[in-house]
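Trainee: Please take me through this model, giving for each term the criterion behind it.

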Amino acid sequence: MTDVVVGVVVSGDRRGRTLGFPTANVESEGPVELPDDGVYAGRFRRADGSVHTAAISIGRRPTYYEAGIRLVEAHLLDFDGDLYGERVQVEVGPRVRGQLRFSSSEELIAQIERDVAAVRSLAAGEDAVGL
Ligand SMILES: Cc1cc2nc3c(=O)[nH]c(=O)nc-3n(C[C@H](O)[C@H](O)[C@H](O)COP(=O)(O)O)c2cc1C
């Protein structure tokens, strides 16, 4: 099992921006065994070497798809920019929760807000948790 995913940022459904949480969808260069589906705190390293704290979702977006493809998505905290086509590195840190199917986008948004708060506090204590 690897906890580092390397790949190019590809275009998703672009729903993330409408939800208020845009994500970089990273197409793993594999073959690597991805961490289990779920939500994680982690770090996102850009091609220029800059590093951003990220809320990472690995899974099939069960809120929207019955049998979706498995994606690695990263929402970068405090970042607004275009990452498409960039080769990046996603370091998957502590697990926050499993993937859930929500009955509305509003419920998913409310949960992602809590996830981002959890990721912020993990990152703030990063020395303690090794993030
Ligand atoms: C922190 C975080 C947690 C997420 N958790 C879930 C989840 O529990 N269930 C789910 O269906 N999708 C989850 N997602 C994925 C969203 O459904 C997805 O990012 C959104 O639909 C946008 O997809 P797109 O990038 O293809 O447009 C999560 C995304 C993020 C960033």
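**Strands, cores and pocket**

Mentor: Strands E4 and E5 are joined by six bridges, with antiparallel pairing. The model is a predicted one, in which local features need pLDDT of at least 70 and side-chain atom pairs count only at pLDDT 80 or more, while totals for chains, interfaces and linings use all residues. Residues are numbered from 1 along each chain as its sequence is written, and side-chain values use heavy atoms, with hydrogens and water left out.

Trainee: Why are E4 and E5 called a pair?

Mentor: Two strands pair if DSSP finds at least two bridges between them. The six bridges of E4 and E5 meet that criterion, so the term applies. One of the bridges joins isoleucine 56 to alanine 74 in E5. The strand labels themselves come from DSSP runs, numbered from the N terminus: strands are E runs of at least two residues, and helices are H or I runs of at least four.

Trainee: Which bridges illustrate the pairing of E3 with E4, and how many bridges are there?

Mentor: E3 and E4 have eight bridges in the antiparallel sense. Arginine 43 has threonine 53 in E4 as its bridge partner, and arginine 45 stands opposite valine 51. The hairpin of these two strands has five residues between them, and glycine 49 takes a positive phi near 95° there.

Trainee: In what order do the strands run, and how are neighbours turned against each other?

Mentor: Six strands form a closed barrel in the order E1-E2-E5-E4-E3-E6, with antiparallel pairing. Neighbouring strands of this sheet are turned by 45° against each other on average, direction ignored. Helix H2 (residues 105-124) packs on the sheet and touches E3, E4, E5 and E6; its direction makes about 100° with that of E6. Axes here are lines fitted to C-alpha atoms, for helices over the stretch in contact (heavy atoms within 4.5 Å), and angles run from 0 to 180 degrees between N-to-C directions.

Trainee: How do you know whether proline 35, leucine 34 and aspartate 78 are buried or exposed?

Mentor: Buried means under 20% relative accessible area and exposed over 50%, with partly exposed in between (1.4 Å probe, protein chains only). Proline 35, at 3%, is therefore buried, and so is leucine 34, at 18%. Both belong to the loop between E2 and E3. Aspartate 78, in the loop between E5 and E6, has 66% and is therefore exposed.

Trainee: What makes the phi of arginine 61 worth a remark?

Mentor: Most residues other than glycine have a negative phi. Arginine 61, which is not a glycine, has a positive phi of about 50°. Its place is in the loop between E4 and E5, and at 15% relative accessible area it counts as buried. Aspartate 78 likewise has a positive phi, of about 55°, without being a glycine.

Trainee: What makes a set of residues a nonpolar core, and which residues have the most contacts inside the largest one?

Mentor: A nonpolar core is a set of buried Ala, Val, Leu, Ile, Met, Phe, Trp, Tyr and Cys residues joined through side-chain atoms within 4.5 Å. The largest such set has 17 residues, with the most contacts made by Val9, Val26, Phe44, Ile56 and Val90. Strands E1 (4-10), E2 (24-28), E3 (38-45), E4 (51-59), E5 (71-76) and E6 (87-97) each give two or more residues to this core. Apart from it lies another core of 11 residues, among them Phe21, Leu77, Leu108 and Val116.

Trainee: Why is E3 described as largely enclosed?

Mentor: Six of its eight residues are buried, so the rest of the structure largely encloses E3.

Trainee: What is the volume of the largest pocket, and which residues lie nearest its centre?

Mentor: The volume is about 710 Å³. Of the 39 lining residues, Gly16, Phe21, Pro22, Thr23 and Glu73 lie nearest the centre. Helix H1 (15-19), E2, E4, E5 and H2 each supply at least two residues of the lining.

Trainee: Why is this space called a pocket and not a cavity?

Mentor: On a 1 Å grid over the protein atoms alone, a cavity is a set of points where a 1.4 Å probe fits but cannot get out, whereas a pocket is an open set with protein on both sides within 12 Å along at least five of seven lines; lining residues have an atom within 4 Å of a point. Grid points are joined across faces, edges and corners, and the volume is the space filled by probe spheres set on the points.
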